[in-house]
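Hello,

Here is the structure I said I would pass on. Please look at it first, then read the notes below it.

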Amino acid sequence: MHSVKIKFYRSLNGILGKLGASPPVDVVLSLASTFCNPILLFALDALCLNRAEIISLSQPYNSIYMKLFSTFNLSVISMCQFYCGHLPFEYIKDLRTLTFLDKLSTLEQSPASTLFKWFGKAEQDFFAVKI
C-alpha cells in the first residue's frame with residue numbers, strides 16, 4: 001500500500017506544481033479525480049480491507065482537501081467534500097466494490113462467477129445494505 005501512496009502523491013504534486021500557488025479548487029479536484037484517485041483506487045474493488053487499511057488509504061485522498069482548504073479537521077474536510085460534490089474515500093471504495101460484485105454476479109459460465117455464487121453473495125448483501 002505504501003508504493004500506491006507514493007505514486008498518488010507524486011501524481012498530485014505534479015498537478016499542483018503545474019497549476020501554481022493558488023489554483024482554482026474545482027480544477028484541482030477535477031484533475032485529481034481523473035489522474036490521482038484511480039491510482040489510489042486501482043484493484044481495491046476486489047479486496048476486502050479492514051478498518052485500518054481504509055483509514056490509511058483515505059489519508060492521501062483527504063490530503064487534497066487539507067491542502068486546498070488549509071485544515072486538518074476531518075469534519076471540515078467531510079463538509080468540503082460534500083459541498084464540492086465528492087464522496088468520502090470509504091464511500092467511493094464501497095460503491096466500487098458493490099459495482100464489481102454486481103458485475104461479477106451477472107457473468108455467465110465463468111469460474112469467478114461460480115465462486116461468487118458459492119461464497120460471495122453474503123458480501124454483496126453486506127455492501128448493498130451498507131450503501
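**Helix α5**

Helix α5, residues 89-106, is made of 18 residues and runs 26 Å from its first C-alpha to its last, close to the 26 Å expected at 1.5 Å a residue. Keep in mind that this is a predicted model. The buried residues of α5 are F89, I92, K93, D94, T97, L98, L101 and L104.

**A128 and L101**

In sequence, 27 residues separate A128 from L101, and in space their C-alpha atoms are 10.0 Å apart. A128 belongs to helix α6, which covers residues 111-130.

**The cavity**

Rolling a probe the size of a water molecule over the atoms shows where empty space is left. How many cavities of 30 Å³ or more does the structure hold? There is 1, and the largest cavity has about 40 Å³ of space.

Its lining consists of L29, A32, S33, N37, Y61, I64, Y65 and H86. Two helices, α2 (25-41) and α3 (51-69), each supply at least two residues of this lining. Helix α2 gives the most, with 4 residues. Sorted by class, the lining has 5 nonpolar residues, 3 polar residues and no charged ones.

Regards

Terms used. Residues numbered from 1 in each chain as written. Predicted model: local features only at pLDDT ≥ 70, side-chain atom pairs only at ≥ 80, totals over all residues. Heavy atoms only, no water. 1 Å grid on protein atoms, 1.4 Å probe; cavity = no way out; pocket = protein on both sides within 12 Å on 5 of 7 lines; lining within 4 Å. Points joined across faces, edges and corners; volume = space filled by probe spheres on them. Nonpolar A, V, L, I, M, F, W, Y, C, P; charged D, E, K, R; others polar. Expected span 1.5 Å × (residues − 1). Buried < 20%, exposed > 50% of the residue type's maximum accessible area, 1.4 Å probe, protein only.
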